[in-house]
Amino acid sequence: MSQKKKSMLLFLVVALLLVLSLVAVFFLNSHNEQGEIARIYQDGKLIREVSLTDVASPYEFQVEASDGGYNLIRVEKGAIGIKDANCPDKICQQRGMVSDTGYPVTCLPHKLVIQIERLTAASDGIDAVVQ
């Protein structure tokens with residue numbers, strides 16, 4: 001077998017292993033997904049969890065702040081946002097509906113934070129170190 005054929009065979013084997021590895025990672029990640037959940041915190045305490053995956057039709061609910069203020073939260077399939085608030089700057093409303101896990105929705109005057117998290121089969125309360 002010539003050197004050129006050996007090199008080509010080695011390249012094909014490495015390429016095949018790479019493709020199989022990528023397929024395996026994609027397959028494992030897609031089967032671990034259980035959906036998304038929005039965790040709503042006020043004054044640093046978890047006050048409500050909302051599944052964004054199981055929303056049949058959009059709905060709204062109100063969260064009261066200790067200073068008498070409020071935030072009207074809208075939930076849609078895969079997204080959540082603050083529709084109305086009586087805070088002075090209304091920055092939380094301007095954020096709109098959010099479906100990204102990277103940036104929380106916050107209302108600083110009412111000390112409200114909405115964080116979206118992706119749930120997987122591994123997110124059962126055991127951290128990565130223990131697993």
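Which side chains does a polar contact of 2.4 Å join? In this predicted model, the pair is R39 and E117. With a relative accessible area of 17%, R39 sits under the 20% cut-off, so it counts as buried. Setting aside residues up to four places away in sequence, R39 touches L46, R48 and E49, and also V113, I114, Q115, E117 and L119. E117, then, turns up both in that contact list and as the polar partner of R39.

Before going further into the side chains, here is the overall layout. The chain has 131 residues, and 24% of them count as buried. Its secondary structure comes to 2 helices and 7 strands, and reading along the sequence gives the pattern α-β-β-β-β-β-α-β-β. Among contacts with a separation of 6 or more, 36% are between residues 24 or more positions apart. The accessible surface is about 9000 Å², and carbon and sulfur atoms make up 61% of that. As for aromatic pairs, a search of the whole structure turns up 1.

Back on β1, E36 is another residue of this strand. Not counting residues up to four places away in sequence, E36 touches a run of residues from V50 through S51 and L52 to T53, along with G78, S99, T101, I116, E117 and R118. With R118 there is also a polar contact between side chains, at 3.3 Å.

Next comes the hairpin of β3 and β4. Strand β3 covers residues 59-64 and strand β4 covers residues 70-76; the two run antiparallel and are joined by 6 bridges. Within this pairing, V63 stands opposite N71 of β4. The turn has 5 residues between the strands, and one of the turn residues, G68, has a positive phi of about 90°. F61 falls in the residue range of β3, and R48 lies over the face of its ring, 3.7 Å from the ring centre. R48 is also one of the residues touched by R39.

On the β4 side, R74 is worth a look. At 23% relative accessibility R74 counts as partly exposed. Leaving aside neighbours within four places in sequence, R74 is in contact with P58, Y59 and E60, as well as A79, I80, G81, K83 and M97. For P58, the C-alpha separation from R74 is 7.2 Å, with the two residues 16 apart along the chain.

Note on methods
Residues numbered from 1 in each chain as written. Predicted model: local features only at pLDDT ≥ 70, side-chain atom pairs only at ≥ 80, totals over all residues. Heavy atoms only, no water. Pairing = 2+ DSSP bridges. Helix = DSSP H or I, 4+ residues; strand = E, 2+ residues; numbered from the N terminus. Buried < 20%, exposed > 50% of the residue type's maximum accessible area, 1.4 Å probe, protein only. Polar contact = N/O pair within 3.5 Å; in protein donor to acceptor, adjacent residues only side chain to side chain. Contact = heavy atoms within 4.5 Å. Areas by Shrake-Rupley, 256 points an atom, 1.4 Å probe, with all protein chains shown as cover. Phe/Tyr/Trp six-rings, centres within 6.5 Å; stacked < 30°, edge-to-face > 60°. Lys NZ or Arg CZ within 6 Å of the ring centre and 35° of its normal.
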